[in-house]
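Hi,

Here's the structure I said I'd pass along.

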Amino acid sequence: MWRTRAAAACVICRSLANSSYGIKRKSPLQNLHLVSRSIHHPYYPSSKFQRPPLRISIQLFSSLNRLPLRKTKLLDVKYGYQSHRNFWLTRLASRLLKLRYLILGSAVGGGYTAKKTYDQWKDMMPDLDEYKWIVPDFIWELDEHIDFEKLIKALPDADDIAKLLPDFDKIGESFTSLKGFFSPGSPGETAFRATDQGYDNDKQYKKGLLGELILLQQQIQQHEEEARRAAGQYNMGSSQQKRKASDKEKIDQLQEELLRTQLKYQRMLERLEKENKELRKLVLQRDDKGIHQRKLKKSLIDMYSEVLDILSDYDASYNTQDHLPRVVVVGDQSAGKTSVLEMIAQARIFPRGSGEMMTRSPVKVTLSEGPHHVALFKDSSREFDLTKEEDLAALRNEIEIRMRNSVKEGCTVSTETISLSVKGPGLQRMVLVDLPGVISTVTSGMAPDTKETIFSISKAYMQNPNAIILCIQDGSVDAERSIVTDLVSQMDPQGKRTIFVLTKVDLAEKNVASPSRIQQIIEGKLFPMKALGYFAVVTGKGNSSESIESIKEYEEEFFQNSKLLKTCMLKAHQVTTKNLSLAVSDCFWKMVRESVEQQADAFKATRFNLETEWKNNYPRLRELDRNELFEKAKNEILDEVISLTQVTPKHWEEILQKTLWERVSTHVIENIYLPAAQTMNSGTFNTTVDIKLKQWTDKQLPNKAVEVAWETLQEEFSRFMTEQKGKEHDDIFDKLKQAVKEESIKRHKWNERAEDSLRVIQHNALEDRSISDKQQWDAAIHFMEETLQSRLKDTESVIEDMVGPDWKKRWLYWIGRTKEQNIRNETKNELEKLIKCNEEHAAYLANDEVTTVRKNLEARGITVDPCLIKDTWHQIYRRYFLKTALNHCNLCRRGFYYYQRHFVDSELECNDIVLFWRIQRMLAITANTLRQQLTNTEVRRLEKNVKEVLEDFAEDNEKKVKLLTGKRVQLAEDLKKVREIQEKLEAFIEALHQEK
């Protein structure tokens with residue numbers, strides 16, 4: 001189609017060129033648009049379009065290049081009216097074609113461009129599909145449950161809402177008046193140059209109110225320089241004495257102008273600051289309510305403070321030291337350190353005393369911005385409202401209590417740090433550490449090493465190369481009495497991180513005879529130490545009940561009327577605690593930005609070293625720190641306590657009965673059975689037994705039974721606690737388990753009513769004499785035999801020790817007797833003869849019998865003491881009695897039949913069997929009762945005591961450090977701390993970079 005149209009166009013052009021008019025004229029083709037010409041003649045460029053030459057007799061000229069055209073052959077075209085009509089039709093067709101293709105091309109190109117632009121914008125938009133989780137599902141369903149039309153009608157009008165917003169017109173008027181006040185007649189926009197000291201030193205130009213304020217500062221500095229020059233000219237030689245009066249007037253005039261400018265500047269700044277503070281408080285309150293989800297700067301300082309808290313508890317090992325910046329407040333005692341810190345924190349938060357040491361331990365104060373002026377401790381959730389005097393008093397009392405509790409017995413100061421956070425609108429973000437005041441003399445009531453301890457604490461904080469030293473000097477005392485300045489100059493001789501603060505300047509101005517001395521101090525010419533900056537402040541009038549606002553007003557009023565400013569001895573930026581806090585905050589954050597990444601790298605290297613050491617030493621163990629190990633041991637101990645409830649009743653009763661009989665058997669044999677057996681008839685025997693059993697039950701037996709039960713519980717508990725459980729046993733818990741066991745047993749007390757109920761049960765059991773069947777009779781005989789045989793065996797052993805080995809052992813083991821044993825042996829032989837002569841002999845020897853035995857031995861040349869004879873007789877008669885009782889016990893095996901007939905018409909009397917049956921039954925009933933008390937009450941109480949002990953140990957870090965020890969524990973503890981420090985430092989650095 002394009003070729004056909006091009007051919008037709010060429011024909012039309014040639015026909016137009018072959019006109020019958022023989023004149024020179026422009027071809028109609030030359031009037032066509034370049035686009036049309038490029039379409040008709042695609043072989044010629046449009047910018048230099050040339051018509052093909054025509055072969056005619058008359059020479060034609062082109063209006064484009066003014067060159068003669070070549071001759072061309074004419075086509076056979078008929079001339080006349082028809083050709084003229086074809087020319088207009090051709091031009092109309094060409095115009096229509098041009099218009100159509102222009103519209104078509106524009107539509108296609110515009111549509112493509114619009115689509116491409118839309119695709120580009122669509123690609124630039126973020127994909128919000130991943131953040132749909134932020135909006136809860138119920139938000140999309142609110143319109144189904146809430147009628148928004150009614151809600152909109154219930155909302156207040158726009159006028160009511162506008163009343164809640166700040167008066168922006170008033171603020172605008174304030175800015176306008178400030179601008180007109182500072183620069184009357186000046187242009188509306190003033191450019192100034194400011195230096196960015198926080199990040200880089202690139203110079204920028206800013207506009208607006210801040211430019212006016214800095215311009216005013218420059219004017220103040222110019223006035224100060226002019227005043228100095230005038231003062232220098234005033235103090236020149238005698239050749240200028242004639243102009244003394246005029247120069248003095250000029251100096252006074254410049255000083256008055258300078259003071260007026262400073263006062264105007266100060267008033268406007270205060271006004272703007274107050275309005276800014278109110279607006280910022282509104283913003284913080286809205287952020288606090290969740291209107292905006294952005295993080296404020298206060299979170300940054302809180303993150304940094306958490307890192308410092310962890311570092312304060314971290315035992316610096318592997319040459320990794322805490323070099324993170326903080327502001328260390330040092331000074332002589334009563335120099336005003338605490339007052340300066342309170343002015344920076346804008347609250348009276350510390351306990352105060354006149355001349356007495358109040359700061360007894362380091363106090364770390366983290367200042368940050370917040371909607372409300374509050375304070376809280378690191379380990380407590382209670383917030384103290386610093387706008388209320390009651391909370392302020394409670395906070396001061398709490399700090400004093402914590403200080404006194406941290407001081408160990410026999411000491412005056414403590415190295416333990418108290419961590420406090422203070423938030424409020426307008427507070428400068430920083431971390432300060434208030435140290436105990438440096439003293440020169442140890443007074444009565446102080447520990448002898450108090451002075452050295454304070455020096456060591458101060459040096460420990462100041463030797464940190466990144467710590468900012470805030471040196472506080474009392475201006476009301478002689479500078480020669482200062483101790484802290486020498487200490488600071490030793491730790492920072494170049495003064496690259498020291499800020500000097502002169503307090504009590506109002507008293508110094510009144511008392512110092514030469515005001516220039518204050519100027520020398522502020523200029524750093526009086527003390528040998530160097531500093532980054534020097535400041536003069538007033539922190540009160542000596543009344544501890546004054547508020548911070550009244551102190552600030554007094555400070556501003558003093559410096560406005562002070563001769564030190566009027567005579568240019570002090571500069572305006574060197575006074576007030578406000579300027580001091582701004583300077584300290586800037587220096588603090590500059591130091592943080594310069595050093596925090598280096599510290600993060602150091603802890604990263606330490607973490608790698610610790611992890612490598614753990615993998616080499618404990619490859620198969622988990623990295624459990626002290627708290628995790630304590631929780632594991634706690635679970636094991638509780639499981640072992642619960643195991644006590646799984647002990648069978650039979651096992652409890654067997655242990656209790658056996659242990660109780662071992663404890664009371666001696667009393668039963670020696671004090672009940674033997675005395676009763678000496679009687680002549682059964683009636684006397686039973687009466688003696690009943691009396692002695694009653695006395696024993698009333699006084700001793702219940703108490704003995706409870707003691708046995710308590711000891712049995714302890715033994716079972718200890719057995720479960722110390723029992724090793726194969727490969728799972730971890731000896732690292734042994735010391736902790738032993739301490740828990742001892743403390744739990746120490747706290748446990750048996751039920752006081754147990755003895756009373758037990759006494760009644762035992763008394764009733766011992767009064768019963770009725771043996772119901774032969775089985776019980778045989779059990780009593782067996783019990784009696786076992787008891788008597790055990791006693792006989794013990795007696796034989798005692799006699800053998802007394803008289804020495806017999807002839808068999810002497811012959812087999814070549815063991816001889818001692819002299820005393822020979823005497824004992826001869827005495828035994830004499831006493832045995834005495835028993836053989838009288839088998840019914842009483843249990844005790846008469847005096848004449850003792851004399852007879854002694855004389856018989858003396859006749860053989862053996863001298864014997866009467867006490868030795870009686871002692872030997874006791875064991876000889878005891879053996880004889882036990883053997884006789886065993887023989888009688890064998891005879892009573894068939895005596896149950898006579899017992900049922902009450903031994904009527906029988907020479908056999910088995911009252912001793914009945915006695916042992918009564919004892920045996922009492923032991924069984926007592927064991928059963930004690931078992932019930934154990935399983936129902938005492939085991940649960942012991943379990944409760946164990947839980948309480950574990951909870952107390954969990955809160956006592958010193959106890960855990962003492963009980964869970966070893967290289968493995970310490971390595972895991974260090975690894976945990978270093979990881980936590982590194983992670984928090986990296987998070988802080990990331991937040992710091994985002995803030996930039």
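**Around strand 7**

A quick word on terms: strands are DSSP runs of E, at least two residues long, and helices are runs of H or I, at least four, both numbered from the N terminus. Two strands pair if DSSP finds at least two bridges between them.

This is a predicted model, where local features need pLDDT of at least 70 and side-chain atom pairs count only at pLDDT 80 or more, while totals for chains, interfaces and linings use all residues. Residues are numbered from 1 along each chain as its sequence is written, and side-chain values use heavy atoms, with hydrogens and water left out.

Back to strand 7 (residues 418-423): five of its six residues are buried, so the rest of the structure largely encloses it. Buried here means under 20% relative accessible area (1.4 Å probe, protein chains only).

What runs alongside strand 7? Strand 5 (residues 374-377) is joined to strand 7 by four bridges, and the two run antiparallel. Strand 4 (residues 363-368) pairs with strand 7 in the parallel sense, over six bridges. In that pairing, Lys364 stands opposite Ser419 and Ser368 opposite Lys423.

Zooming out, there's an open sheet of nine strands with mixed pairing, in the order 6-5-7-4-8-3-9-10-11. Its edge strands, strand 6 (384-385) and strand 11 (533-536), each pair on one side only.

Cheers

Methods
Buried means under 20% relative accessible area, exposed over 50%, partly exposed in between (1.4 Å probe, protein chains only).
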